[in-house]
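Subject: The structure I promised you

Hi there,

Here is the structure for you to open and turn around. My notes on it follow below.

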Amino acid sequence: IITYSVFCFIITLKREIIKDVEDQNGDQKTGNYTIPIILGLKFTKVLISVLVIIELIFMYLVLKQNFLDFKNLFFAFPQIIVLIMASLFLYKYSENKQFKKLSNLVKVQFLIAGIWLYITL
């Protein structure tokens with residue numbers, strides 16, 4: 001369960017960073033210092049990419065435990081699809097307002113993780 005808790009933490013962290021990118025203009029006007037403002041959009045995208053790679057490692061660990069377990073497949077494959085889509089969006093997007101789609105995709109990812117936790121309990 002620790003693996004999945006850490007995984008959910010990483011999803012939440014990734015989503016908050018994406019939300020900071022979305023709100024970057026407002027944060028600059030109000031004087032808030034967030035990761036995208038301090039480190040820039042390029043570094044923030046690299047940071048999000050690192051989090052995606054960590055999530056993929058967790059997917060590997062889930063599948064390694066018991067590949068043929070339906071519950072693990074139900075969790076891992078949709079997550080991997082969402083992570084691939086998120087990576088493509090991350091590569092493609094360069095404007096703050098475009099990150100709303102990426103944020104919504106991460107919400108779907110978290111919903112899938114929540115459903116999996118409900119099924120396994």
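Let me start with one residue. Leaving out residues up to four places away in sequence, aspartate 27 touches Asp20, Asn32, Thr34 and Ile37, where contact means heavy atoms within 4.5 Å. Aspartate 27 sits in helix 2, residues 24-30; helices (H or I, at least four residues) and strands (E, at least two) are DSSP runs, numbered from the N terminus. This aspartate is buried yet has no salt bridge, and the nearest side chain of opposite charge, lysine 19, is 10 Å away. Buried means under 20% relative accessible area, exposed means over 50%, and partly exposed lies in between (1.4 Å probe, protein chains only). A salt bridge is a side-chain nitrogen of Lys or Arg within 4 Å of a carboxyl oxygen of Asp or Glu.

A word on where this comes from: the model is predicted, so local features need pLDDT of at least 70 and side-chain atom pairs count only at pLDDT 80 or more, while totals for chains, interfaces and linings use all residues. Residues are numbered from 1 along each chain as its sequence is written, and side-chain values use heavy atoms, with hydrogens and water left out.

Now the whole chain. Its secondary structure comes to six helices and zero strands, giving the pattern α-α-α-α-α-α along the sequence. The C-alpha trace spans about 50 × 25 × 20 Å along its principal axes. Of the 121 residues, 36% are buried. Taking contacts between residues at least 6 apart in sequence, 69% join residues at least 24 apart. The chain exposes about 7,300 Å², with carbon and sulfur atoms supplying 69% of that area; accessible areas come from the Shrake-Rupley method with a 1.4 Å probe, and for residues only the protein chains shown count as cover.

On to charge. There are 13 positive and 8 negative side chains, and the centres of the two sets lie 5 Å apart. Lys and Arg count as positive and Asp and Glu as negative, without His and the chain ends; the place of a charge is taken as NZ of Lys, CZ of Arg, CG of Asp or CD of Glu.

How many salt bridges are there? The count comes to three. In one of them, the side chains of lysine 14 and glutamate 55 meet at 2.9 Å, N to O. This pair links distant parts of the chain, 41 residues apart: lysine 14 is in helix 1 (residues 2-22) and glutamate 55 in helix 4 (residues 41-65). Both of these residues are buried.

Lysine 19 and glutamate 22 also form a salt bridge, at 3.7 Å, N to O. They both lie in helix 1, three residues apart, about one turn of the helix, and both are buried.

Glutamate 16 pairs with arginine 15, their closest N and O atoms being 3.7 Å apart. Glutamate 16 has a relative accessible area of 40%, so it is partly exposed. Arginine 15, at 22%, is partly exposed too.

Phe74, Leu111, Ile115, Tyr118 and Ile119 make a nonpolar patch of about 520 Å². Patches are made of residues with over 30% relative accessible area and no salt bridge: like charges are joined within 9 Å, nonpolar side chains (Val, Leu, Ile, Met, Phe, Trp, Tyr) within 5 Å. Helix 6 (residues 99-120) gives the most to this patch, with four residues. Tyrosine 118 is found in helix 6, and it counts as exposed because its relative accessibility is 69%.
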